[in-house]
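Reader: I would like to learn how to read the features of a model like this one. Please take me through them in turn.

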Amino acid sequence: NMARQRVRFRGRFFLLVLGMIGFLALAIVLVVRRGGYAEARYGDVTGTIQTSGAIVRDESTVYTEAYEKIIFSVVEGQTVQTGAQIAQVFKRGYQDESMVTLLRLQREIYEYQKSVIGADAAAGLTEIENSIAAVEAQIRECARGDGAYDMLALEQSLKNLQAERATYLQANVQADGTLTSLYNSLTEQETALTNWTRDIVNSAGPGVISFYFDGYERVLNAAQLDTINASLLKSVLSGGNTASATASTTETPLYRLVQNTRWYLAFLTDGDDPMRTVAGEQYYVVFDDYSTLTYQATALEPIVTTSSVVNILEFNVDIGNFLDVRTVKATVTRSAQGVMVPVDAIWFEEGVPMLEVESGDTSYRIAVNVLAADEDNAVVTPRNAGDALVSGQKVIKP
């Protein structure tokens, strides 16, 4: 039998084993914390987002039944109150001969009144006629493309002056048998025409009128902000007008009534991009191609998913050029001072920016708001009131 040999381990061996265990532990820590450490410090950062976005308005769309023709009483961009007449709609089946007959009667009455008017009343008529002639000249100029006039506004002005003239003549010319007969015929024709027409009166409250539609009025609306998502925005920005403009085939959009001092810009950033908006913070926006002004806006709560962030900025100034614009290019800027960390120390959990912060021998994870980020650094604050982040604290890079 072979004699059993007793193996004795010396102290040097134990030291070697302990050293190897320590090395392996350090290697594991280095693997886990391969990004190393950084120190949070006080600083300031200016973050910029170059983006394309969608204008969202606080507006209501007024619809009407299908019609044969329409005559508007207001112009694009006009401010209207409740009760203001917006348009006159001519129902299906209406024939223009009815209007031709009415206009012929009005002309016949006017010619007869002019032939019998007294000298004193003629002076007042001349004044109105001169105003009519001036507007007619502007309409001809506009039709040639020479004048910077709004054709609808000119037509409305002409209509008002002609009504003023008719009222003046009826008040200042004594009605004889011929005029009385003509007046009766005119009343009959107006009554007949009323059966074919409907006056559209504004009942949606005060606001600014617009007649432009793109089909997104119902889904991109201040009342539907929480339903805006990335796929909708991408569809709008790619020009794919897939939204339904009307609730049914029997109604037609007639006009939009816009609250002109409250509107929004909605735009996308990537779910792993630290620079995005934070609710309640102020941002500065410049819109390419539309204005040289710098607008100030307040961020609403963004809609965050793993892949994207829907950012929404609210503006409380006159909507101006954006009354009938949907897609814009914009530069959004935010400068912030506070606790600053390197951008590469930030990681994301379901789209939410996170930091791992060291405290003594332990570390813990906190969700943060990124107030501003550039290529290197970001100014951040804890999302939750119970979490602390101060200058001098160590953060662990992922």
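Reader: Start with Tyr295. Is Tyr295 buried or exposed?

Author: First, note that this is a predicted model. Burial is read from relative accessibility, and under 20% means buried. Tyr295 has 10% relative accessibility, so Tyr295 counts as buried.

Reader: Why is the pair of Phe287 and Tyr295 called edge-to-face?

Author: Look at two values, the distance between ring centres and the angle between planes. Centres within 6.5 Å make a pair, and planes over 60 degrees apart make it edge-to-face. The ring centres of Phe287 and Tyr295 are 5.4 Å apart and the planes meet at 75 degrees, so this pair is edge-to-face.

Reader: How many aromatic pairs are there in the whole structure?

Author: The search finds 12.

Reader: Now strands. Phe287 again: which residue stands opposite Phe287 in E13?

Author: For strands, read the partner, the sense and the bridges. Phe287 faces Ala330 in E13. Strand E9, residues 282-287, pairs with E13 in the antiparallel sense over four bridges.

Reader: In what sense do E2 and E13 pair, and over how many bridges?

Author: Antiparallel, over 14 bridges. Strand E2 covers residues 41-65, and strand E13 covers residues 327-342. To place the two by eye, find Gly47, which stands opposite Arg334 in E13.

Reader: How many bridges join E13 to E17?

Author: Three, and the strands run antiparallel. Strand E17 spans residues 377-382. Val341 has Ala378 in E17 as its bridge partner.

Reader: Where is the place of Leu389?

Author: In the loop between E17 and strand E18 (394-396). Leu389 has a relative accessible area of 10%, so it is buried. Leu389 and Arg41 are 348 residues apart along the chain, yet their C-alpha atoms are separated by 9.9 Å.

Reader: On to backbone angles. What is the general idea for phi?

Author: Most residues other than glycine have a negative phi.

Reader: What is the phi of Asp289?

Author: About 75 degrees, a positive value, and the residue is not a glycine. Asp289 belongs to the loop between E9 and strand E10 (294-299). With a relative accessible area of 76%, Asp289 is exposed.

Reader: What is the phi of Glu350 near?

Author: Near 55 degrees, again positive in a residue other than glycine. Glu350 is in the loop between strand E14 (347-349) and E15. Its relative accessibility is 64%, so Glu350 counts as exposed.

Reader: Last topic, pockets. What is the general idea there?

Author: Roll a probe the size of a water molecule over the atoms, and it shows where empty space is left.

Reader: How much space lies in the largest pocket?

Author: About 1,300 Å³. Of the 37 residues that line the largest pocket, the closest to its centre are Leu102, Leu103, Gln106, Lys159 and Gln162.

Reader: Which element gives the largest share of the lining of the largest pocket?

Author: H4, with 12 residues. Elements that each supply at least two residues of this lining include helix H2 (96-116), helix H3 (119-143) and helix H4 (151-172). By type, the lining of the largest pocket divides into 17 nonpolar, 12 polar and eight charged residues.

Reader: How much space lies in the second largest pocket?

Author: About 150 Å³. The second largest pocket has 13 lining residues, and the closest to its centre are Thr277, Glu301, Pro302, Asn369 and Arg383. E16 gives the most to this lining, three residues. The lining of the second largest pocket has eight nonpolar, two polar and three charged residues.

Notes: Residues numbered from 1 in each chain as written. Predicted model: local features only at pLDDT ≥ 70, side-chain atom pairs only at ≥ 80, totals over all residues. Heavy atoms only, no water. 1 Å grid on protein atoms, 1.4 Å probe; cavity = no way out; pocket = protein on both sides within 12 Å on 5 of 7 lines; lining within 4 Å. Points joined across faces, edges and corners; volume = space filled by probe spheres on them. Nonpolar A, V, L, I, M, F, W, Y, C, P; charged D, E, K, R; others polar. Phe/Tyr/Trp six-rings, centres within 6.5 Å; stacked < 30°, edge-to-face > 60°. Buried < 20%, exposed > 50% of the residue type's maximum accessible area, 1.4 Å probe, protein only. Pairing = 2+ DSSP bridges.
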